[in-house]
Amino acid sequence: MATRVRRNTLTLPAAPLGPDNPLPALCVGQDLHRIETRDAHLPADMARQIDGAPLRSILPTRMRDGYGRTRRPTGLDALVIENDRLRATVLPGLGGRVYSLHHKPTGRELLYRNPVWQPAAFALNGAWFSGGIEWNIGATGHTTLACAPLHAARVPAPDGGEMLRLWEWERLRDLPFQVDLWLPDGSDFLHVGVRIRNPHPHTVPVYWWSNIAVPEDERTRVLAPADEAWHFGYERNLRRVPVPGLDGVDRTYPLRSEHPADYFYEVPDGARRWITSLDADGRGLVQTSTDTLRGRKLFLWGAGRAGRRWQQWLTEPGTGGYAEIQAGLARTQLEQVPLDAGGEFTWLEAYGPLAADAATVHGADWGAARREVAARLEAALPRADVDAAYAAWLPYADQEPKEPLATGSGWGALETVRAGLELPGTPFDAATLGAEQEPWLTLLRTGDLPAGRPVPGPALVGPAWRDLLESAPSGAATDYHLGLAQWHAGDRAQAVRSWERALGHGGAGALPLYCLAVAEAEAGETGRAADRYLQACDEAARAAAEPGQDAREWRAVCSALVREAVPVLLAAGRTDEAARLLAALPQPGPADGRFRLLTAQVLLAQGQPSAAREIFDAGFEIAALREGEEALADTWYAIAERLVAGGGPVTEQVRAEARSRHPLPERYEYRMRPV
């Protein structure tokens, strides 16, 4: 039978996503993908695409860090795509993630299917979850849409069946994209057509990686048609290495590596593009595509303590681990590919089961193993059939959806109104415009934002919106948002002037003061940044106490400000003021580990290492711990050094003794680079 699409509900233990962070996301946070050392012989196009499109902030999106780790059974909206061979389960409300791909004849689950839904701080804007197939668009990292709803609808498929279309407006690069999924009659392969369009009159940098989580054990081997790869580790170096291994270690087996790492395979031009993960019996999942999707990658957690701890953090202790096989537009995820004005990128991917001779797959002859997989793939899904399926799909990419199945955001509709866009196949209906878009519709219609002081909420920072804000009458809200757009564009001096103007209009200035504090901190003016943070905290507290105001919203602003202010106050040597801020907050309770860490850091700065250690000994968790963050380990060892040193100096001997006498407990081990 051809594809059928139906609704379903997937019930999982899930932690509520919670509210977005109310502060504007002026910075990109810790840039784990910054290259500090690189191979001297990078290909010219790779070097150009690595250096050509830095992300200055994650505006206009906001950080999503309001979740915890208390899970309860929760029903998640799901869409099921099914033929007589495969059943794919898609979560339209969570980035369109393919949660499960079940092969009916063998009864095998082809993906790593997470038994829980637990947000973790891996996306560019925070909340992300592990498992399945995710569609990453925007900039280097996991998409800001990882936990966001996409539009979804039924459309006709090329073979006469049904196709599931997912689409949305990606806000970091202001690009519409679509993902079409269908199962041809009798096919063992899920077909996925992808289109990214640039409706702007200028070139836009584009990033895309399809990430596939696959089950992992000691006998799992990942194969791709390459003899070399680009290795990128959390030490931030990019270098060419041989495949399958280096120094006698075969890293095509993910658990033979000690530390988390990326391996971007150098697939020769003209070779068929594929990647597969196979188990001890030579069975698993294979992904292939048309040639536009150039890159292939293995991400592995490794067998070290930190990698295992992260896997437990992202799922349930005692469940199996996973690795990720991936496919992208460029050789590496460190690159952005330019898309010309009015242009589009399109390609077709296919996902399905693969069975190969286990002895050959796991043999010492890497070339023979690759040839075995390539032959089995060609028998199961010839390259010519993939190209033919792509050609058959292209005319259907513009088919207008007739039956909506899920609703995404209103940002695409707003851009359609602003620019008068026509985007066949991906309608952004005016009915999706909501409260978040209303102030910006007012700006479009009247040339002015609604009067009032800056309040927590979404921003728009693209060039067209900046032009509108610059033309609008000066006001507290207008100048605040104009500053955000100028900051995003890299015009930091103008942004500061706009935020100062916003303060001059009177009223609560917590948000402009916060922005000025960030600007001072980035300029290295730690003392002045501390002053601004204190002023912002006081202003937010006053706004929270005003009658008629949304006290809960402003309390959230207070809490978010304190989280960012305390480290700056400590850096400025203003320990007592940091302690005052923490003491003034309502007791956050044991679930809020970030405040417990800050409290330990303040106690340490006050010369109370024993009291700081008691906080660690009592135990706490930081639900929104960022990927690669080392604050837990750094604080633990700083406490240990003071305990060992007593009142004396912290020498190298003291540091060594502290690490020997006070090893970091496993529950706080999240360091992703060699230490």
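Predicted model: local features only at pLDDT ≥ 70, side-chain atom pairs only at ≥ 80, totals over all residues.
Residues are numbered from 1 along each chain as its sequence is written. Local features need pLDDT of at least 70, side-chain atom pairs count only at pLDDT 80 or more, totals for chains, interfaces and linings use all residues, and side-chain values use heavy atoms, without hydrogens and water.

Biologist: How many aromatic pairs are there?
Modeller: Rings of Phe, Tyr and Trp (its six-membered ring) pair if their centres lie within 6.5 Å. By this rule the count is 25.

Biologist: Why is the pair of Phe122 and Trp301 given its class, and what is that class?
Modeller: Planes under 30 degrees apart count as stacked, over 60 as edge-to-face and the rest as tilted. The centres of Phe122 and Trp301 are 6.0 Å apart and the planes stand at 70°, so the pair is edge-to-face.

Biologist: Are Phe122 and Trp301 buried or exposed?
Modeller: Buried means under 20% relative accessible area, exposed over 50%, partly exposed in between (1.4 Å probe, protein chains only). Phe122 and Trp301 are both buried.

Biologist: Which class does the pair of Phe616 and Phe620 fall in?
Modeller: Phe616 has a relative accessible area of 2% and is buried. Phe620 is buried as well, at 4%. Their rings lie 5.1 Å centre to centre, with 70° between the planes, and the pair is edge-to-face.

Biologist: Over the face of which ring does Arg97 lie?
Modeller: A charge sits over a ring if NZ of Lys or CZ of Arg is within 6 Å of the ring centre and within 35 degrees of the ring normal. Arg97 lies 3.8 Å from the ring centre of Phe129.
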